[in-house]
Structures are given as structure tokens and as C-alpha cells.
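Student: Could you walk me through this structure? I am new to it and would like to go slowly.
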Amino acid sequence: MKYHHGNLRSELIRCACTLCEEHGHDKISLRGIAKEANVSQTAPYRHFETKESLLAAVAAHGFVEMQKSIDKIIDLSKTNKISKKMLIDAMLAYLDFAISNNNIYEVMFGTVIKDFRNFPDLHDAALEAYSSLKSSIKRYIKLKNCLLYTSPSPRDQRGSRLPA
């Protein structure tokens, strides 16, 4: 059993995510996480007061990972233009994340954590992921509206209006 660990909090979150995916959030305990991380049974309590605080960290990690999977497709630092294909691929990445991490997704969006505001890291991660998705959709809509309003009216080669 290890008593000194490089970054115990991160290791506990990693173990909790693994156990959550394998067995579901209701089967997780702080003692079980300690066993998985190969640390003393009291070690997790130095980082997480309750099971809910551990699950909040799992959910925050999930939001960060979900956002990373979407940001791989839509990198707003590289482009201002978002194509329909990019947006669809990002939504598919969101769905793939939900399917691949079903139990963590349940912690993120279910009723396990009563109030995100009680867990600032979770609250911030959830808002960041939401803001990223919202920004991508808004940019796509803005681009579509610009194209819609700046495109010429439908005319044939001679300049007369096409029949409706």
C-alpha cells in the first residue's frame, strides 16, 4: 500500500472514473477508490469529504473530456467558420462520448449531484463545455445568416428573376 503518491487527487479521480464506467456510480465508495488506487482507506478523505464530492470531480472530469473531444473537431482558435459537416461531426463526438462513457454521462447530466454550484470545479467545467457548444452553434448560425442575407437573389444568366 502506498502512503505517498505524486498526485493522489488526480489518481483518485481516474480510479473513480474507471470504477464508475465498470460498475456505475451507485457502486462507488471512497474505500473502493482507495483500494483501486492502492492507498490507505483514509487517503481519499483528504481530497473528498463525501461520495458526492468525489462524483462531482468525476462529472467535472467528464465535462472536460467531452469538451476536448468536441474541440478536436471544432477548434475555434484556428477558424471562425464552422461548416455544417464540422457541426454535425461535433454533435456526433458528443453522442460518441455519451455512449462510450454512459455511466459518467449519467453522473454529469443525471440527478446524482443535486446542485453544481456546491462544487465550483464542476460548475466551471460544465459552464465551459456548454459555452463552447453554444459558441460553435452561434457561429454556425451567424455564418449561415450572413450567407443567406448576402447571397444574390435568384436570377438567371440574363438577370431576370426566376419563376417562384
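Student: Which residues touch the most other members of the largest nonpolar core?
Tutor: This is a predicted model, in which local features need pLDDT of at least 70 and side-chain atom pairs count only at pLDDT 80 or more, while totals for chains, interfaces and linings use all residues. Residues are numbered from 1 along each chain as its sequence is written, and side-chain values use heavy atoms, with hydrogens and water left out. The largest nonpolar core has 46 residues, of which Ile33, Phe63, Met66, Ile113 and Leu122 touch the most other members. A nonpolar core here is a set of buried Ala, Val, Leu, Ile, Met, Phe, Trp, Tyr and Cys residues joined through side-chain atoms within 4.5 Å, and buried means under 20% relative accessible area, with exposed over 50% and partly exposed in between (1.4 Å probe, protein chains only).

Student: Which helix gives the most to this core?
Tutor: Helix 3 does, with ten residues; helices are DSSP runs of H or I with at least four residues, numbered from the N terminus.

Student: And how do helix 3 and helix 5 pack?
Tutor: Helix 3 (residues 51–71) and helix 5 (residues 102–109) pack at about 110 degrees with axes 9 Å apart, where axes are lines fitted to C-alpha atoms over the stretch in contact and angles run from 0 to 180 degrees between N-to-C directions. The two helices are therefore roughly perpendicular, a label given to angles of 65 to 115 degrees.

Student: Which residues of helix 5 meet helix 3 there?
Tutor: Ile104, Val107, Met108 and Phe109 in helix 5 meet Leu55, Val58, Ala59, Gly62, Phe63 and Met66 in helix 3, contact meaning heavy atoms within 4.5 Å.

Student: Is Ile104 buried or exposed?
Tutor: Ile104 counts as buried, at 6% relative accessibility. Leaving aside neighbours within four places in sequence, Ile104 is in contact with Cys17, Cys20, Glu21, Val58 and Gly62.

Student: Switching topic, how many salt bridges are found in the whole structure?
Tutor: A search finds five, a salt bridge being a side-chain nitrogen of Lys or Arg within 4 Å of a carboxyl oxygen of Asp or Glu. One of them joins the side chains of Glu11 and Arg14 (2.7 Å, N to O), and both of these residues lie in helix 1, three residues apart, about one turn of the helix.

Student: What about the accessibility of Glu11 and of Arg14?
Tutor: Glu11 counts as buried at 19% relative accessibility, whereas Arg14 is partly exposed with a relative accessible area of 45%.

Definitions and conventions: Angles under 35 degrees count as roughly parallel, over 145 as roughly antiparallel, 65 to 115 as roughly perpendicular and the rest as oblique.
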